[in-house]
Amino acid sequence: MSGKSLSNAFLSAFCLEVAMLLQAGITLYDGVLMLQDDEPTQEGKEVLQQLLDSLEKGKPLSAALHEATSYPAYLTQMAEIGERTGRLVETLRALSQHYDRQERISASIKNAVLYPAILLVMMVVVVIILIVQVLPIFNEVFNRLGTQMSPVALSLMDFGAWLSGASVGIAIVLGALIILALAVVLVPSLRERVVSTFRDSFGHKGVWGDIANSQFTSAMVLSLSSGLDTQEAVHMAATLGGGNKVLEAKNKQCLEILGTGKTLAEAMLDSGILNARNGRMLSLGTRSGQADAAMAEIAQRSVKDVQLEIDRLVSRIEPTMVIITSVIVGIILLAVMLPLMGIMTSIG
């Protein structure tokens with residue numbers, strides 16, 4: 001399983017469990033060995049075995065994580081900082097919370113994409129069945145009655161006939177798109193290129209910008225918990241969400257403002273990373289000596305705000321798609337039923 005990225009849920013549980021074991025006075029090797037014994041999946045056991053191979057040689061956790069290529073570089077870097085500052089347990093707990101927040105955001109995004117996608121597929125299937133299978137049957141009925149369907153229904157039926165005739169070509173195109181999507185998912189270099197392009201175009205806008213800010217504040221909690229000074233914390237947090245020019249400019253501006261002697265709250269507020277409400281909370285936390293606690297609360301709020309924004313988007317998308325489907329189906333039925341009602345009336 002070398003090189004395969006681990007889920008945020010796995011990383012969150014791993015960091016918390018290792019922190020608990022270290023706090024209980026258990027050595028790293030013995031603790032990871034206990035985790036491996038309790039790990040339910042074979043893949044998880046293999047990942048933990050990579051750590052055990054390095055820890056058995058007396059290497060620190062950060063070096064073991066680095067050699068076990070499945071673990072993200074950010075986790076390795078923060079573990080190294082925690083070891084250097086003597087705050088490894090606190091760093092691991094903060095990492096656990098960080099990856100838990102990322103998991104919740106990822107789950108919200110997946111749910112937001114899944115339900116509308118299923119609804120869209122169902123909508124397309126229903127419309128295709130109506131225009132390809134149902135309309136020709138009604139057309140035959142109308143021909144037997146010596147009349148024809150309305151122009152709208154005829155146009156839709158002709159479109160359905162074209163779809164039926166072009167089914168092989170459409171299947172090839174869909175197959176190519178599916179293969180391309182699988183390639184993007186399975187090939188790391190291609191996936192990174194697509195993600196980078198998307199991030200440059202949309203990573204600072206709307207809900208994606210909110211997600212990026214949430215990632216930054218979450219990383220700030222982690223950096224501050226690791227014992228870094230303010231400027232180092234901002235620099236480390238910026239590396240997590242790098243790749244978007246607009247966001248990188250915000251992070252750079254934040255560092256520049258810090259260099260002028262302003263507080264972290266003022267720098268993050270002036271650079272647009274925090275809104276006024278969260279900036280005020282961080283300012284109060286800094287003055288009371290609880291900047292890390294204030295930042296942790298801001299990170300929690302950011303995750304909730306992102307989830308609420310995603311829920312709002314889904315709540316608008318789903319009814320819209322239902323309305324569109326209903327209108328299309330209604331038009332098709334009316335285009336068939338109205339002429340048929342006219343015929344029934346004249347016969348009566």
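Me: At which residue in α6 does a kink of about 35° lie?
Reply: The model is a predicted one. In α6, the kink comes shortly before the proline P136. The residue at which this bend of about 35° lies is V134.

Me: How far apart are the end C-alpha atoms of helix α6, and which span should its 57 residues have?
Reply: Helix α6 covers residues 88-144. At 1.5 Å a residue, its 57 residues should span 84 Å. This agrees with the distance between its end C-alpha atoms, which is 83 Å.

Me: Are α2 and α3 roughly parallel or roughly antiparallel to each other?
Reply: The axes of helix α2 (residues 28-38) and helix α3 (residues 42-55) come within 9 Å. They cross at roughly 160°, and angles over 145 degrees count as roughly antiparallel. The two helices are therefore roughly antiparallel.

Me: Is the crossing of α2 and α3 left-handed or right-handed, and how many nonpolar residues has their contact?
Reply: The crossing of α2 and α3 is left-handed. Residues of α2 including L28, V32 and L35 meet residues of α3, among them L48, L51 and L52. By class, this contact of α2 with α3 has two polar residues, two charged residues and, as the nonpolar count, nine.

Me: What is the orientation of α1 and α2 to each other?
Reply: Helix α1 (residues 8-23) packs with α2 at an angle of about 135°, and their axes are 10 Å apart. Angles over 145 degrees would count as roughly antiparallel, and 65 to 115 as roughly perpendicular. The orientation of α1 and α2 is therefore oblique.

Notes. Residues are numbered from 1 along each chain as its sequence is written. This is a predicted model: local features need pLDDT of at least 70, side-chain atom pairs count only at pLDDT 80 or more; totals for chains, interfaces and linings use all residues. Side-chain values use heavy atoms; hydrogens and water are left out. Axes are lines fitted to C-alpha atoms, for helices over the stretch in contact, and angles run from 0 to 180 degrees between N-to-C directions. Helices (H or I, at least four residues) and strands (E, at least two) are DSSP runs, numbered from the N terminus. Angles under 35 degrees count as roughly parallel, over 145 as roughly antiparallel, 65 to 115 as roughly perpendicular and the rest as oblique. A crossing is left-handed if the near helix is turned anticlockwise from the far one by less than a right angle, and right-handed if clockwise. Contact means heavy atoms within 4.5 Å. Ala, Val, Leu, Ile, Met, Phe, Trp, Tyr, Cys and Pro count as nonpolar, Asp, Glu, Lys and Arg as charged, and the others, Gly among them, as polar. The expected span of a helix is 1.5 Å times one less than its number of residues. The bend at a residue is the angle between axes fitted to the seven residues ending there and the seven starting there.
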